[in-house]
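Opened the notebook for a quick pass through this one. I want to look up a couple of residues and then the sheet around them.

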Amino acid sequence: MRADMNPENKNLTPRERIMARVRANHPQPTAHPEVPIYPIAGDTLENFITHVKGFDGEIINTTDRAEALRWLHENVSTEGNEAVFSAINEFEGNITLEELPRPSDAHRLHACVGEGLLGIGETGSVLVTPDTFGRMANGLLAINLYLLLDRKKIVAGLQEAYSHINLSETQYSSLFSGPSATADIEAVHVTGAQGAVSLTVILYG
């Protein structure tokens, strides 16, 4: 410590004296403990599917991305009056971000299609970012969500998942585990209480 920053120095301002005391009593840095990666029992893919369904989500199994896209075209209609937004290039929605100038405008969306970045077998969760939905509000306010997910991107547990996630790369990240739900009121389970009524994960690869 510099002599002129000694807490007992009478020439210091009250603020400088306080900060000098803090610096003088600052503990030495301690290394973080080594935390082992704990194994997750069971098959990773089966765990993922079981947990997604347990959270009221739906799983569509396809062999490859082409089949996953065919399923979307056959089951998510963009020809009616219901607004469908798509954040993936291979499936075109009937509404664009320019037609949803404010995040709150996403309440108009009947469906939103995106790409899951990572799946977690332990919790049945899918990692999403604003890029997944074009804008985060689209994924939070749309009635129905459809997420494509490569089976190769499903990991066993949360510990392993965080080793693949760089939170500094995006403004916002979230783990979606099924559609929104609550059981707070009279312990009655209600799906679609605060957001999406359905979440469909389309597995491929």
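First I checked T200, and it comes out buried, with a relative accessible area of 4%. I'm working on a predicted model here, so everything I jot down is read off that prediction.

Next I asked where T200 sits: it is in strand 11, which covers residues 198–204. Skipping neighbours within four places in sequence, I get contacts from T200 to E58, I60, W71, L145, Y146 and L147.

I find an open sheet of five strands, in the order 1-11-6-3-2, with parallel pairing. Strand 1 (58–61) and strand 2 (83–86) are the edges, each pairing on one side only. From one strand to the next, I note an average twist of 15°.

I zoomed in on the strand 2 end. Strand 2 pairs with strand 3 (residues 109–115) in the parallel sense, over four bridges. Opposite S86 I find V113 of strand 3.

What lies across strand 1, strand 6 and strand 11? I looked, and it's helix 2 (residues 44–54), running at about 140° to strand 1; strand 6 spans 144–150.

Last stop, T182. This residue is in strand 9 (residues 181–182). I have T182 down as buried too, at a relative accessible area of 17%. Not counting residues up to four places away in sequence, T182 touches V188, H189, V190, A193 and Q194.

Methods: Residues numbered from 1 in each chain as written. Predicted model: local features only at pLDDT ≥ 70, side-chain atom pairs only at ≥ 80, totals over all residues. Heavy atoms only, no water. Helix = DSSP H or I, 4+ residues; strand = E, 2+ residues; numbered from the N terminus. Buried < 20%, exposed > 50% of the residue type's maximum accessible area, 1.4 Å probe, protein only. Contact = heavy atoms within 4.5 Å. Pairing = 2+ DSSP bridges. Axes fitted to C-alpha atoms, helices over the stretch in contact; angles between N-to-C directions.
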